[in-house]
Structure formats: structure tokens, C-alpha cells
Amino acid sequence: MNIDITTVNSAPRADAEAAKDASQVRQKQMIADHYEQLSRAREDGRKVVYTFVPGNLTELIRSLGLLPVLPEINALQSGMRKLSGNYIAEAEKLGHSEDVCTYVKCDIGMMKSGNVGPTGMRIPEPDLLLLSYTGCFTFMKWFELLREEYKCPVVMLHVPYQGDGEITPAMRDYVVRQLRDVVVPALERVAGHALDMDDLARRLDLSRQAENDLVAVWEAARHRPSPIDGYFGGVYYIGPIFSAFRGTEDAVDYYRLLRTEVEHRIAQKLGPMTPDGPSSEERYRLVVEGPPNWTSFNDFWRMFSREGATVVSSTYTRVGGLYDTGFRHDSRNPFESLADYCLGCYTNLNLPMRTALLERYIREYQADGFLINSVKSCNSFSAGQLLMLRELERRTGVPGGFIESDLVDPRYFGKANIENRVQSYLQMLEARKNKVTA
Amino acid sequence: MKCIVGIDLGSTTTKAVLLDEQGRIIGKGITNSRSNYEVACAVAREEALRAARFTLLERALPAATAVSMDVLLAAFRLELYLDELGELREEIDRVLRSLNYHRDRDELGAAVRSVLDGMVAEAPALFLGDGGRKSDFFRDIAGAGFMAGAERVALGGVVGFERLVGLFDRAILDVETRLVPRPFGALLRRAGDRCASRTSTDREREALRQAITFAAEEVINEVCFVGTGYGRQTLPFPKSAVRSEILCHGRGAHRIFPGTRTVLDIGGQDTKAIQVDDAGVVTSFQMNDRCAAGCGRYLGYIADELNMGLHELGPRAMQAQRVAKVNSTCTVFAGAELRERLALGERREDILAGLHRSIMLRAMSLLARSGGIRSEFSFTGGVCKNPMAVRMLTELVAENYSSSIVINTHADSIYMGALGAALFGLDDVRAGRPAVLPTFVRQSAPAHA
């Protein structure tokens, strides 16, 4: 997901400024403040924990007074700022293969190039690597590499996969036990003091408030025209809650503000913002599966927005937490709800569950089509995607499309080829629409 | 006569198809895409317009005439070729005049004129005899003739082969990217005169003359243009007149073979696997991504490696006794593997067979991703003209799906994209949507509006 709006809007500056909502300005300030705090962490005597977006335990980290850093976000930021190509080359020089996840290589390349974050300030070294989610096998290898580099401890939370399509009590207990016996003690050791359970409960309540507002934003896409783009626009909306801000007052304020703005758009019957300003018409409603490409994010977005295609829902915007199926953080059962959160991340769902979720989005949001952006180096997402595509077509009769690109490796974004496919796909939807109405 | 024009701008060739208002194909044209899309479009359209006039001619000629349409067409092409040779001569003269620091300019001029004179002399046999042209493109025919002539002249003369060919290379690009208006009537009359000796009576001669006049003077009104293909972003078409090549190929193939449910199109740098419904509307598709190995250019590269013509590859591969297993999926590596196997003494035909199978294996993978193969299965694009490609595909379909699947190929398969584009144009015309003419029509030749 993205954090810094200004890096994205490469449209003429006046447009970018005009297009900026109050929530975007607010988010940008939150991010800037966070990186500022990080850059001063050593002087201020604050400890830093590196962790991942899926299964992030931000409330725990914050309750212990620690500062979170999310290497995935640094990587996608580098992608958007056109730095990732060089970082990846740097990592490949060190011996990392061409086929390895490009987030990992981008992160390692950035680290080797001075670890300067998106706001131009240096990111401090970690005091602890919190491997909070194991559904992505690469995460383990990633932190293994960072451990070698920083010589700092790793604490691992093993999150069982929902292979049978459910969270059993045994799975929940297993995660809760790890949290109590391993993760919290490790965090306490770094913090130098014990966890304050009251503060954790307070933060979980804050999480719940923000989550309620976020779900309202997602569900706004049921309107015609949809007031939001749930993928290209959606990656901005998840910025705070998927990164350093879940369980903070800042996040609560941000999502309240965002929800108000979206409700205003609904009342005005306005479509979503696009890189070229407000969208003028909604010709296609799409559901998208898979992460976006970050190196040509705006070009990619425009391939849709300029054809009047709005993404009404997406699964990528659920990787750091799936809330629209009912889950909320719960201060009455703090560890249990943190466990359920980790177990319920989108990529921890098995293929039938993912298919069912996509089917639900297609139906609920009345999509004309669904598109898969397949990223070869991200197996958490890409394995099984073609099977899902066929099954969804069979169940819904809605045509699926398939394109391939990469997260942050600019070599794997073939603009002409991808544009060709997207246009062909949208024209196919048009031809089929005409056939139905004819 | 009103007609609708579909243009498919491919990476290798540009195709145009003309439909009449009833949706019948009245003309087709093809040219090499050069590096200039606008010219390629204009030339392909010009070719299709000529073909349309031949359709008119055929309709106007009495059934039992002594001059066959084939002969007339060949004679027409000959006249066209001679005109183009004239332009080549002028361009070469211009190049020669610019070589003012060369002491042997006069000798060079005499030698090149001798080459060109020879080409003019050989032209009738090339078109009207059994000369067997290997291409219909001026660049290819003239290129082959010039090389042969230059070799001959260089052998006995004072001017080297390379210098002669250098003149051709400098001139040809300008010649083929220049749009010269060529009055159809004049060319056809010359062709008619050339064939007149084959007619037996004055009455026949008169009938031919009248038919020619009709075909040349009938007003062809192009009411709609639709463009598609690889270069469609740069096509001089308004956005509303551009359609995706996927939709066009699916629709074109379905028009020719209405039973079509799966289409495989292999072009110069694209492979497309397309599923269509009973109306020819695309339901899903897959295209090669990131890498174009396994497309037409792969065969082109192999042909170059073996110093063979592209059209010779398939027939040669058909003589294989066994199919060598080619492991490389990369075109360049496959070239290296080819050389290595040749060095090890493997038969050229067997290796070629293996290379063809390797292309088709890639296509099979794409087809599987698009949803498999259903009957009828239509194979289109330039590569389907290759008999070994068709044979390998047929074998693989039988191995992986069923031998009962009907596989269609068509001599005009290369035109499917342009045909589909024209069919979309016909929809527009029938729906009363206003057509916008592409820029090259206004620039190059007057539309008969």
C-alpha cells in the first residue's frame, strides 16, 4: 500500500494539489511525523521493531512504546519513487537471484544504499525483527537475511494456514500461546518494561473504531457510480491501518474524515478520484485480485481510469486485515482477537475461501468483470490464480481477465503489452454487454 | 459502391480488408509494415482497393472470356512492379548524383543500370511465366532480383557487389515509404493491352475494354475505417475507430468458420489464444507476455540462421524422419542449439521439425491457460501458412485433447484481424454511428467521398 500521496500524483502539480482531499493531506502528515520520529529514535532513546503488513501487531508494538518499521512499505515506496530498479540491481550483485521476491531484493538494496526512507530521512536499524506472519514463506527468509545483516534478534509468530477453510480453536490457542509465551516477552525485553494490558485494550478499541469506518468506505462502492476506487484508490485508504497506525487516535481521526468525504461523494453522486482528476463516467465496474505494480502505478491506474473502469473491490486491500467479513479487534479478548486477525489475513485463506470472497465481491458490488494481476515472484498470491479465474467464471458468468506484472521490478512491467491486454479485456466486456442488451 | 475498411497493423505485415454493405469481402491487401505505420496502412488499403476493383472487373467480365482473372491480375502486378522499378531507378540516380566524391561514379552508374535493365527484362517471366515469386512485396521481389543481377554484373565488371547492393539499400527505404498515387485505370489498361494478344476476337477485346473501364471508373466510397493490431496505438485512427486485436481476430475467424469456439493466432510477435461464443464474441483470452519466443519471428530468426527463406522452413521440416527434441525456449538459445545439433551431424529437417514442435508447445500452454481447446478450433495468423506448424499443432491437439476436434486453417488466415475490424466497422455503419476517416486517407489519396 502507499503512504505518501505526493509521490503518486505525477500529474500536473496543480491537478495533484486540487485533487488532494483533506484525508490525504492528513495521511501525508501522519506519515511524515512517523518517519521523523523514526529518524530521531536513537536520540530519543526509542526502540525500533521491523515487522510485516500481514499479521502486523501494531497495537502490541505501540503499547510497549516501540516504533514499527514495515520493510514491504519501504519497498513499494521505493518502487513508486523509481528507486527500486537500482536497489534490485544492488541486491542481485550480492547474489540474490532474478526470481526472488522483488520486495526482498528492493529492501536489501535500499539497506545497502544507506537505508534512506521515503521522506529522505534515514531509517534506524532494528532492535527486534518481529516475524508476525508466516503465511508467506519468503518472509522467513527475508528476516533471516536481515538478522544476518543487523545481528539482532528475531521473534517468530507461526501462523497456521487456513488449509481447511476455518480457524479452529486449536489454531487460535496455538497463536495465543505464542503471543503470551514468546512474542510479548520478546517485545518486553526490547522495551525494558512490561506490557500494560489496559493500554493494549484501549488501543484495540481504537482499532475497532477505525475498522468500522474503513468497512463503511469499502461498502460505499455499492453505489453507482462508486464514490471510491477500491484498488488504485484503495491502496491509499489502507495506508494508515495496514502500517504504523492501527490502534492510534490518528488512525481513528483519519478514517472518520475519510468516511465523511466518501459519504459526501455519495450524496453528490460523484465517482472516485483518478490521476487525471475526478472520474467522469463509470463504464465498467471491476473486482481485482492480486497486488498492483508500483513502478508504473499511475500509468497502470490510467489504463483503467481513462476507459471509465472503476475497481469496486479488491483483495489486495485485504492483505493487512480482512474486516468486511465481520472481524474486528476486540478489547475484551485481546490476544484471541490478535490471533484471529493474523489467521484471517487474505493470503492466509485457502483457495476456496479466496474464491468465495471474490465471488461475494463480484456479486455484492455488481461487477461487470474481474481481473487478476499475477505477480510471478509473489507465490502467496499467484499460486492457483488461474484455477480461481476459471471457477469464478463458472460460478458467476462474469468474465475474468489475466495480466502479469511485478511489484517493484520495473523490468517486468511491459506497458504496451499490459495496456493491450487491459484494453482488449475492457472491449471484450463491452462486446458482451452489448450482446446481452441486444 | 460503398465499402467498409478494416486495417490490421501487425509487427511484420499490415493487412486491409474491404467489405461491401452486405458484409461480403470485396478486396484484401497486404504489405510489409516497414518502420512507417502510416505508409503501411495507406499501401495495404491501396492494395485492398485494387483488389476490390478486380472484384468489380470479375463481375463485369463475360463468363467465358479467353483472358482469365489470374492472368489479368498477374499482368497488373507486373505493370505495377515495372512502375515501382522505375521509381527505384530514379531514386538510385538521385543517390548516385549525391556521390560526388566518388571517382568511379560513372562506372557504378553503368553497372547499376545494367542490373536494373536486367530486372526489367526478367519481369514478365517473373509474373506471367512460372517464375515463382517468393513474395508479393516489392522490397522482397526487387531485392532478390537486384542481388542476382548485382552478382552477375560484379563478376565481370570493375564495380564490386557490395557497392551495388549499397545503392539498393540506400534507395529502397525511400521508395517503399513514398506514397505515389497510381491511377488504377491506366495500370489496368496496360495490363489489358498486354493480355489482349491472348484474346481471339475483336468482340472479346471490346468486352475486356469495357469491363476495365467499368472497374476503373466505378466510384468506391469508403464509408468507415476501423483499425486494429500491434501498431494500433500509433495508427492514424481516431480512438473510436480502434478495436482490440483480440476481438478482431476472434470475430474474423468466427466469420470464416462459424463453428469456431477456440482461436489460435500466431503472428510475428504475438501469440493469442482466444475463446469465442456462438456469436463470435470473445469470452476469454491469453497472450504471450514478456517474451515473444514461439512467435513468427522465431521462425524468421531460424530461417536467417539457416540462410533459408521463411516460406521454405515448413516444407523442409515436413521431410523430417524424426522430431529432434529442442530444449531451448529462448529464440537465441534455440539458434545456438540448432548450430550445435547441426555440428553433431543431426539432419536439418529433423531439427527443424523439433523447432516447429517447440513453438507449438508454447502455444498449447497458452491455449490451456485461456480455457483449453474446443471444437471447432481455428488456427490463424501468418504462421498457419506453415504446413509443419499445422501438422505439429494437429498432433499436439490429438495428444492433449482429442483427435475429433475439427481444426480449421484458411489460405487467408492472415487477414482475420483485418476482417474482424471491418466487421466491427460494418456494425458501426449499420448502427448509424458517424465514421471518422483516418488521417492518412486525407493526406495520401483522395477518398472517393
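**Ground rules.** I am working with a predicted model, in which local features need pLDDT of at least 70, side-chain atom pairs count only at pLDDT 80 or more, and totals for chains, interfaces and linings use all residues. Residues are numbered from 1 along each chain as its sequence is written, and chains are lettered from A and ligands numbered from 1 in the order in which they are written.

**Chain A, overall.** I looked up the secondary structure and found 20 helices and ten strands; helices (H or I, at least four residues) and strands (E, at least two) are DSSP runs numbered from the N terminus. I noted 53% of the 438 residues of chain A as buried (20 or more other C-beta atoms within 10 Å of a residue's own, with C-beta atoms placed from the backbone).

**Chain B, overall.** Here I found 15 helices and nine strands. The box for the C-alpha atoms is roughly 60 × 60 × 45 Å, and 46% of the 449 residues are buried. I also looked up the domains, whose bounds come from an automatic or database domain assignment: domain 1 covers 74-177 and domain 2 covers 258-409. Their C-alpha centres lie 36 Å apart.

**A sheet in chain B.** In what order do the four strands of the open sheet run? I read 3-2-1-4, with mixed pairing; two strands pair if DSSP finds at least two bridges between them. The edges are strand 3 (25-32) and strand 4 (221-228), each pairing on one side only. Neighbouring strands are turned by 15 degrees against each other on average, direction ignored; axes are lines fitted to C-alpha atoms, for helices over the stretch in contact, and angles run from 0 to 180 degrees between N-to-C directions.

Strand 2 (13-20) and strand 3 of chain B are antiparallel over seven bridges, and I found B:L18 opposite B:G27. Helix 1 (37-60) of chain B packs on the sheet, touching strand 1 (2-9), strand 2 and strand 3, and makes about 145 degrees with strand 3.

Strand 4 of chain B has six of its eight residues buried, so it is largely enclosed by the rest of the structure.

**Where the chains meet.** The contact takes 17 residues from chain A and 16 from chain B, contact being C-beta atoms, placed from the backbone, within 7 Å. Which element of chain A gives the most to this side? Helix 20 of chain A does, with nine residues.

Note on methods
Contact = placed C-beta atoms within 7 Å. Buried ≥ 20, exposed ≤ 12 C-beta atoms within 10 Å, placed from the backbone.
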